[in-house]
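I opened this notebook to record what I looked up in the structure. The entries follow the order of my reading.

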Amino acid sequence: MMTSVDADLIRVLADPLRLRIVTLLARETLCTTHLVEETGARQTNLSNHLRVLREAGVVDTEPCGRFTYYRLKPDVIEALAGQFAALAATARDSADTKRACP
């Protein structure tokens, strides 16, 4: 069984600040102001990272007055984790498989 892992999503989550944002959003729904306080990032930089996460389908937004709240979409993370688990299972199953050199 051949498994492919979503490389675009991995690139999105590979950024340290975006991974920090995702980690924070796993615990609670937060607005940009909260995320600025928690990460120490500038608001414009944080907004750009949140846009990338939103476009990748990792977070949902919820308008609340003049604020926007962000919520992690756990299904996306679970799907990626499942892809990695399948990849690990394939490696485990084919550990003794070796292609002969020409």
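**Entry 1: elements.** I took helices (H or I, at least four residues) and strands (E, at least two) as DSSP runs, numbered from the N terminus. Read along the sequence, the protein shows the pattern α-α-β-α-α-β-β-α. I therefore list five helices and three strands.

**Entry 2: ground rules.** I noted that the model is predicted, that local features need pLDDT of at least 70 and side-chain atom pairs pLDDT 80 or more, while totals for chains, interfaces and linings use all residues. Residues are numbered from 1 along each chain as its sequence is written, and side-chain values use heavy atoms, with hydrogens and water left out.

**Entry 3: the sheet.** In what order do the three strands form the sheet? I found an open sheet in the order β1-β3-β2, with antiparallel pairing; two strands pair if DSSP finds at least two bridges between them. The edge strands, β1 (30-31) and β2 (59-64), each pair on one side only. I followed β2 to β3 (residues 67-72), and these strands pair in the antiparallel sense over six bridges. C64 has F67 of β3 as its bridge partner.

**Entry 4: helices on the sheet.** Helix α2 (residues 16-27) packs on the sheet and touches β1, β2 and β3; a contact means heavy atoms within 4.5 Å. The direction of α2 makes about 90 degrees with that of β3. Axes are lines fitted to C-alpha atoms, for helices over the stretch in contact, and angles run from 0 to 180 degrees between N-to-C directions. Helix α4 (residues 43-55) also packs on the sheet, touching β2 and β3, and its direction makes about 120 degrees with that of β2.

**Entry 5: cysteines.** I then checked burial, where buried means under 20% relative accessible area, exposed over 50%, and partly exposed in between (1.4 Å probe, protein chains only). C31 is buried at 4%, whereas C64 is partly exposed at 40%.

**Entry 6: the whole chain.** Of the 102 residues, 28% count as buried. The C-alpha atoms fill a box of roughly 65 × 25 × 20 Å along the principal axes. Among contacts between residues at least 6 apart in sequence, 55% join residues at least 24 apart.
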